[in-house]
Amino acid sequence: MRKSLRSRSGSGGRSGDRGPARNGRGRRSRAGTAAATATLLAVTGLLTGCGVFGGSSSDREAERSAPSARPPLWNRAPASVAAVGDSITRGFDACVVLADCPEVSWSTGTDSKVRSLALRLLGAPAAKERSWNHAATGAKMSDLPGQLAQAAQNKPELVTIMVGANDACQDTAKQMTPVADFRKSFEASMRQLRAGAPKAQVYVSSVPDLKRLWSTGRGNPLGRQIWKLGICATMLGDSQNMSKLAQDRRNMVYERVVAYNNVLKDVCAKDPRCRYDGGAVFDFRFTGDQLSHWDWFHPSKDGQSRLAEIAYRNVTAVKPPV
C-alpha cells in the first residue's frame, strides 16, 4: 500500500496541472488507510477485551490467580454449638427414670461414651465451654422461637434443632399440631434466630419415626406398662390393639410426622445456612438396645450416640444430604 502511494506521488511531480488532484487523492487515501487501521485496532482490542483472542498474558494470569468461586457458606468445623428441641435432646430417661440427663445429649453432651456432636467437633475441654443446651422436655414447635432467641444470645456458629415429636404425641389425634401451624412456627423460629444470629449455621434433624418406635418397644412388658402412664398416647396408647381403628390412628400419626418432616426440609432449604438431615433420623431403625430401658421410647445412651454419629456425618459432609 505505501509503495503504491509513492509511485503516484512521483508521476504527479512531473505534471503540475495534475499534481494537486493526485495529491488530494493521496491525502484521502492516507486518511482512509489511517481510519481503517484505527478501526481494525479498535475492533481487535474490543474482541481481545471480550476474550475472543484470550486476552493478554497478564490478563490470563490474573484470571488464573483469582478465586474460582466464592467460599462456601457451610463451615464443616464450627467452633461452638447450641442445641434446641425437646426431651430427646435433653437425654430424658437415658440415665435415670423420668428425668433429664443432658450430659448424654446427642448434640451437646459431655459423656465420653456417647461422644456428642459437640465433643466430636470441638474436643472435650472446648465442648464444655462452647456448647449450650436450650432444649426442654415436652417442647413443641411452638416453643422453638423462644428457645432460638436464647440460643442466639450465645452467638453460636452452629445450632442443632430436633423438635416435632411432641406435636404428634398428644392424647388424641385431633390434638396433633396442624401442619400449617407447624410451618408457621418453624418459619417464625428461623426469623427469630436470624434476628440475633444472622450467620449461625443450622442443622435440622428429622422427627423420628414414632410408628417404628412403637413397633420396636411394644414387645417389652415393662415398656407397655410405662406407656400406659400416657407417653405419646396417639401412637403408644392401647399398644397391643391391632384393630383397624387403632391401626388407622397410628397411621394418621405416621403421616403427620412425614408431613412435619417435609415442612422442616422445605423451610430449611430456603435458608442458605441451614442443612436438613435428609430424613436420616426418621429412617434410622432403633433397636431395643438403643431405646431407654425405662420407657422403651426415648433413646438410650447407645441411641444418643447413634444420633450424634448421624449429625456429625451430615454436619461435616462436603455436600448436604439429599
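A pocket is an open set of points on a 1 Å grid over the protein atoms alone, with protein on both sides within 12 Å along at least five of seven lines, whereas a cavity is a set of points where a 1.4 Å probe fits but cannot get out. Residues count as lining when they have an atom within 4 Å of a point. Grid points are joined across faces, edges and corners, and a volume is the space filled by probe spheres set on the points. The model is predicted, with local features requiring pLDDT of at least 70 and side-chain atom pairs pLDDT 80 or more, while totals for chains, interfaces and linings use all residues. Residues are numbered from 1 along each chain as its sequence is written, and side-chain values use heavy atoms, with hydrogens and water left out.

The protein contains 14 helices and 5 strands, taken as DSSP runs numbered from the N terminus (helices: H or I, at least four residues; strands: E, at least two). Of its 322 residues, 43% are buried (under 20% relative accessible area; exposed, over 50%; partly exposed, in between; 1.4 Å probe, protein chains only). The accessible surface is about 16900 Å², and carbon and sulfur atoms account for 54% of this area (Shrake-Rupley method, 1.4 Å probe; for residues, only the protein chains shown count as cover). Among contacts (heavy atoms within 4.5 Å) between residues at least 6 apart in sequence, 72% join residues at least 24 apart.

The largest pocket has a volume of about 330 Å³. Its lining comprises 20 residues, with S87, N166, I231, F297 and H298 nearest the centre. Helix 7 (165–168) and helix 9 (210–217) are the elements that give two or more residues to this lining. By class, the pocket lining divides into 12 nonpolar, 6 polar and 2 charged residues (nonpolar: Ala, Val, Leu, Ile, Met, Phe, Trp, Tyr, Cys and Pro; charged: Asp, Glu, Lys and Arg; polar: the others, Gly among them).

The structure also holds 1 cavity of 30 Å³ or more.

Strand 1 (residues 81–85) is largely enclosed by the rest of the structure, because 5 of its 5 residues are buried. In a regular strand the side chains alternate between the two faces of the sheet. Both faces of strand 1 are covered, with V81, A83 and G85 buried on one side and A82 and V84 on the other. Strand 1 pairs in the parallel sense with strand 2 (residues 131–133) over 3 bridges, and A82 stands opposite W132 in strand 2. Pairing requires at least two bridges found by DSSP between two strands. Strand 1 also pairs in the parallel sense with strand 3 (residues 158–162), over 5 bridges; there, I161 is the bridge partner of V84.

Two loop residues other than glycine have positive phi values. For D238, phi is near 50 degrees; this residue occurs in the loop between helix 11 (233–236) and helix 12 (244–269) and counts as exposed at 51% relative accessibility. For W296, phi is about 50 degrees. W296 lies in the loop between helix 13 (280–283) and helix 14 (301–315) and, at 13% relative accessibility, counts as buried.
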